[in-house]
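Please look over the contacts between the two chains below. My notes follow, point by point.

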Amino acid sequence: MKGVETGPGRTSPPRSPWSGARAGPDHADLAALLARVAVGDRAAFDAMYDRVAAPVFGTVRNVVRDPGLTEEVTQEVFVEVWRAASRFDARKGSPMAWVATIAHRRAVDRVRSEQRSADRDRRAASPMIAYDDVAETVEDNLDRERVRRCLGSLTDLQREAVTLAYYGGYTYRQVAGLLGVPAGTVSTRMRDGLIRLRDCLGAGR
Amino acid sequence: MRIRRPEPHTLAGAYALDALDGPDRARFERHAARCRECTREVTGLREATARLAAAAAVPPPAALKDALRAETARTRQLPPVTRPRPAAARPSARPLGVRRLALALGGAAAVAAVTVGVTASLVPPAGRPSASQEIAKVLTAPDAVKLTAQVRTGGTATIVMSHHDRMLVFAAAGLRRLPAAQHYELWLIGPGRDRAAGRLPAPSHGMTGPVVAADLRSGDRLGLTVEPAGTHRPTTPMILELTL
């Protein structure tokens, strides 16, 4: 038996945490699950995992690429979510943003620490791979379609800066090098691009 | 290439994208600590990056979930971050299941329940069951609730309490080390006079306790002070005060 009620009429298959616009019942559900995870509820952890595992795994894979490393980092992310669930603070953002932030940061930190011992020429050779990948694996996903549409509303430089950083795991200085524009320009384009993306997705608050 | 340093505020986007490397990240975080607007903006931008994560969704291999179950089973959870409050602390309280209570006390209580060494450092009044039995009783009480709070001089206290049994279990992590002539003392502060509720043993591996306090009365608050030997009432300011 499941130890956690996720609300009436909310059964499998797990829905995307973003199916509603903005902070809807899904955010509340995830937050409730996290609160249970914080007190060691394993059933809640399983339910939470089912809801966010695909975004986490996909995000980590985009950044680290290597399949074995992707699994390793994904596992680290969820152990961290388990460990630090009590630190989730709904006033500081949605539960999904909290989890995604842990996942993405851990992925880029891993890549950057590996990078210090090995070069990333292979990755640098195909800087647009990230955005192409998004486009190619999105079909069945409504979120993906919306994100793609909204990414399309950015200027080229904004979009490249945002996707290279997020899906490629590059620092803004590396992005500047890849695109041949000043780092200061890249940082402002990242900010402008994300603000536009946030507004287009209705993701802000 | 000449590297120019952008204004910290313009780095909010790069920060939200984790596109700042070590020194840049630290620099932005120092700035954001003083800049509410930056923090607010990053919070909003993180919602956008979370949607980028959603768009990248790929189901992980099923085996990952099993591996994770094993991993979390041996991973201790962090206590919540709490801030000292000007008046009596108002900690969050929530009902807990038995299994979670053991976790709540970080295994220390579970260890104590079977370890004579810890009970020996407590001084249960005559006629009372052993501390380990009492700990087990509180942890398994159907009405047990957990409170956590920050100790003003450093450290985090975790309390599991049963109103029905009028007992609580107190444990702490990271308490400031004391000179040999002093100790931490728990007090029950009620409408009448303050009652000494237990002297904390010396910390072991940064963990102090668990200690059982019994005979809670309605309206009691729990206090913690640093005391020299042989005091019968608090002689120093409370470094923790909780409404029970």
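1. A crossing counts as left-handed if the near helix is turned anticlockwise from the far one by less than a right angle, and as right-handed if clockwise. H3(A) and H4(B) cross in the right-handed sense. Helices (H or I, at least four residues) are DSSP runs, numbered from the N terminus.

2. This is a predicted model: local features need pLDDT of at least 70, side-chain atom pairs count only at pLDDT 80 or more, and totals for chains, interfaces and linings use all residues. Residues are numbered from 1 along each chain as its sequence is written, and chains are lettered from A and ligands numbered from 1 in the order in which they are written.

3. H3 (residues 67-84) of chain A packs on H4 (residues 63-73) of chain B at about 45°, axes 10 Å apart. Axes are lines fitted to C-alpha atoms, for helices over the stretch in contact; angles run from 0 to 180 degrees between N-to-C directions. Chain A contributes, among others, A:Phe78 and A:Trp82; chain B's residues include B:Leu64 and B:Leu68.

4. H7(A) and H3 (residues 36-55) of chain B pack at about 125°, axes 8 Å apart. That makes H7(A) oblique to H3(B). Their crossing is left-handed. A:Arg144 and A:Arg148 are among the H7(A) residues in this contact, and B:Arg51 is among those of H3(B).

5. Overall, 68 residues of chain A contact 50 of chain B (C-beta atoms, placed from the backbone, within 7 Å). H10(A) gives the most to chain A's side, with 11 residues.

Terms used
Helices (H or I, at least four residues) and strands (E, at least two) are DSSP runs, numbered from the N terminus. Two residues are in contact if their C-beta atoms, placed from the backbone, lie within 7 Å. Angles under 35 degrees count as roughly parallel, over 145 as roughly antiparallel, 65 to 115 as roughly perpendicular and the rest as oblique.
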